[in-house]
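Here is a short report on how the parts of a two-chain assembly are arranged. Look at the structure first, then read on.

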Amino acid sequence: MENILKVNNLTKKYGSLTAVKDLSFTIEKGNVYGILGPNGSGKSTTLGIVLNVVNRTSGNFSWFNGNVSTHEALKRVGAIIERPNFYPYMTASQNLKLVCKIKNVSENKIEEKLELVGLLDRKDSKFRSYSLGMKQRLAIASALLNDPEILILDEPTNGLDPQGIHQIREIIKKIAAQGTTILLASHLLDEVEKVCSHVIILRKGEKLYAGSVDGMLASYGFFELKSKQPEKLINILEKHGDFSEIKFANGLITAILKAELNAEELNKYLFNKGVILSHLVKRKESLEEQFLALTKKQSN
Amino acid sequence: MIRLLQIEFIKLWNNRASKILIVSYFVLLCCIALISVIKFPFGKGILLADLGIFNFPYIWHFNTFIAAFFKLFLAIVIVSMMANEYSNKTIKQNLIDGLSKKEFVLSKFLTVSIFSLVSTIFVFIVSLILGLKYSDYNEISIIFSDLEFLLAFFVKLLGFFSFCLFLGIFVKKSAFALGFLVLWLIFEQFMYGILGWKFTSWETAQSIKNVFPMESMQNLIKEPSRRLDAVQELGNQIGTNLSYDYHVHWYQILIVLVWTMVFVYASYALLEKRDL
C-alpha cells in the first residue's frame with residue numbers, strides 16, 4: 001500500500017504546554033481518515049505541522065514516502081484549515097487563479113470546481129461578499145483545483161448552519177466516492193462516522209487509538225429487548241452466559257454481548273423459555289459510544 | 001521567477017488601493033517634468049529651468065534626488081502588501097497551497113526589485129527628455145556622464161523597500177509598520193545624538209551614523225542644490241564655501257546592499273521561525 005503521509009514521534013510544545021505528544025500514524029492511499037478528539041486535543045496543531053505552517057519541536061514526518069520536499073508535496077495536497085483564507089478584495093475566480101499559480105497547475109479546472117461546489121454563478125463576486133458557507137465551499141473548490149491525492153479538512157462544518165453543513169457533507173461524500181484519500185479532523189463524531197473508514201483518536205495531544213472504525217472496540221454489539229415480563233427476561237439472560245452486562249432502564253433492556261450471537265437464535269431461545277418479546281434489535285455501538293468508552297477507559 | 005512575480009502581480013493589481021497608489025506614484029515621477037515650468041516672480045520671472053538644473057549631467061543628480069521623495073507612496077503599498085498577508089491570514093493559505101517560505105519572501109523581494117528598476121527607468125527617461133529639451137550641453141559624452149546617480153537611486157529604493165518588507169513581516173500591521181518606520185528614523189538621530197554627546201566625538205558619531213540603514217540610504221544621493229552655479233555664487237558672496245563631496249561612493253552603495261540583504265534574510269528567518 002502506498003503511504004501518503006507518515007508521522008513519527010511528532011511533538012509540539014508551546015512554552016510549557018504540550019500540544020502534540022509523541023504522535024505517530026500513517027495515512028495510506030485510498031482510505032478516508034478521521035482525526036477525532038475534543039477541542040484542544042492537538043488536531044489542528046498536527047495538521048499545521050504537516051502543512052508547513054507550524055514548526056515542530058521534535059519528531060518528523062514525510063509526504064509520499066519522503067521523496068519530495070514538503071512544499072512540493074503540498075502542491076499535490078488539498079487542504080483547508082480552520083477558517084477559509086482568501087484575499088477579500090478579489091473575486092472567487094481571481095482567488096482561484098492565484099491558487100493555480102501557486103500550485104503550478106493550469107487554470108482550466110476553475111469553472112469545473114466552482115460548479116462542483118455550486119458557486120459558478122457567483123464566481124465574479126468579491127470574496128468579502130460571501131457568506132461563511134460560501135467561503136467554506138470556495139475553500140473546498142480551491143483545495144480541489146489540483147485534483148489532489150489527499151484532501152485535508154479541518155473542521156469543515158464549523159460554524160455553518162444546518163443547510164451549509166449538509167452541503168459540505170454532500171460534497172465530501174462526492175469526493176470520497178471518487179476514491180480520493182481524505183483526512184478529516186473533527187470533534188463531531190457523527191460527521192466522522194458517516195464518511196470515515198479509519199480513525200485516529202487524540203486526547204490532550206496523545207494518540208488513544210489509530211485503526212479502522214470497526215476495530216476500535218473489539219465488541220460483539222448489544223441487544224435492545226422489550227417484553228411484558230422484564231424480570232423473568234433478565235433472569236434468563238443472566239443465566240445465558242453470552243452476555244457481559246445487562247441494563248434495565250425505561251422499560252428497555254440492554255444486553256451487551258461477550259460472544260457472537262445472532263438475533264434469531266436469541267429469539268428462539270427466549271421463546272422456548274417462555275418469554276415473548278415485543279421489541280428486539282441487535283446493534284453495534286455507535287462511534288460516539290465507542291469514543292466515550294475509549295476515552296473513559298484510558299482516563300481510568 | 002516569472003511565476004513568483006505573476007503571483008504577486010495578481011495580489012497587487014486586483015487591490016484597488018494598491019493600484020491607485022502605484023499608478024499615482026508613476027504619474028508623480030513623470031511630474032518631475034513640471035518643475036521646468038515653475039517660474040519665480042522676480043522681475044520678468046525666472047524660469048527654474050533657466051537656473052541650469054536641467055543641465056547634463058547635473059540633471060541626473062537633481063532628478064534622482066527629487067524622485068526619491070515619492071518612494072513613500074510605494075512604501076505604503078509594500079508595507080501593506082506584506083502586512084495584509086498576515087491580517088487576511090492568506091500567508092497561511094499560500095504556504096498550505098504549496099508555496100515555500102523562501103518562495104514567499106522571494107516573490108515579495110522580486111516585486112520590490114521590479115518597482116525599483118521600473119522607477120529607475122522612468123526617472124532615466126523623464127530626465128533624458130527634460131535634459132534634451134533644456135540642457136545647455138548636449139554632447140553624448142556629457143549626457144551619459146555621472147550615471148552613477150541612477151545606480152544609487154536604484155540601490156536606495158531597493159534598500160528602502162526591503163526595509164519596508166521587513167517591517168511589514170515584523171510588525172504584521174501596516175499602520176503600525178509605517179509608524180515604526182518613522183520611529184526608526186527618529187531613533188537613528190537619537191542614537192547619533194547620544195553617541196556624539198556622551199560617548200564619542202561628533203565625527204565618530206557621524207561615521208557610525210553613516211552605516212545606519214536609513215542614514216546610509218540618505219547618504220547615497222546628497223542634496224543637490226549646493227552644486228548649482230547660482231547657489232555657489234551666492235555662497236561666495238556671503239563668504240561661505242559651499243563646495244562639498246556630492247559623489248556617489250562604492251562603499252556607500254555597499255552599505256545599503258548589505259542592509260538590503262540583512263532585511264531580506266531577516267524577513268525569511270522571521271517567517272521560518274514563526275508559527276502561523
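The model is predicted. Chain A is assigned two domains: domain 1 spans 3-212 and domain 2 spans 222-283. Their centres, taken over C-alpha atoms, are 44 Å apart.

**Contact between the chains**

Chain B puts 22 residues in contact with 24 residues of chain A. On the chain B side, two elements give two or more residues each: α1 (2-13) and α5 (90-96). The most comes from α5(B), which gives six residues. By class, this side of chain B holds six nonpolar, nine polar and seven charged residues.

**The four-stranded sheet of chain A**

Chain A has an open sheet of four strands with antiparallel pairing, in the order β11-β12-β10-β13. The edges are β11 (243-249) and β13 (277-283) of chain A. Each has a single partner strand, so one side of each is left without a neighbour in the sheet. On average, neighbouring strands are turned by 15° against each other, direction ignored.

Take the pair at one end of that order. Strand β10 (222-227) of chain A joins β13(A) through six bridges, in the antiparallel sense. In this pair, Phe222(A) faces Arg283(A) of β13(A).

Two helices of chain A lie across strands of the sheet. The table gives their angles.

| Helix | Strands it lies across | Angle |
|---|---|---|
| α8(A), residues 230-240 | β10(A), β11(A), β12(A) (252-257) | about 165° to β11(A) |
| α9(A), residues 263-272 | β10(A), β13(A) | about 150° to β13(A) |

Strand β10(A) lies under α8(A) and also under α9(A).

**A helix pair in chain B**

How far apart are the axes of α3(B) and α6(B)? They are 10 Å apart. Helix α3 (58-67) and helix α6 (101-134) of chain B pack at an angle of about 135°. The two are therefore oblique to each other. Their crossing is right-handed.

Which residues make the contact? From α3(B) come Ile59(B), Trp60(B), Asn63(B), Thr64(B) and Ala67(B). From α6(B) come Val123(B), Val126(B), Ser127(B), Leu130(B) and Gly131(B). By class, the contact has six nonpolar residues, four polar and no charged. The side of chain B that touches chain A, in contrast, has seven charged residues.

Methods
Residues numbered from 1 in each chain as written. Chains lettered and ligands numbered in written order. Predicted model: local features only at pLDDT ≥ 70, side-chain atom pairs only at ≥ 80, totals over all residues. Domains from an automatic or database assignment. Contact = placed C-beta atoms within 7 Å. Nonpolar A, V, L, I, M, F, W, Y, C, P; charged D, E, K, R; others polar. Pairing = 2+ DSSP bridges. Axes fitted to C-alpha atoms, helices over the stretch in contact; angles between N-to-C directions. Parallel < 35°, antiparallel > 145°, perpendicular 65-115°, else oblique. Left-handed = near helix turned anticlockwise from the far one by under 90°.
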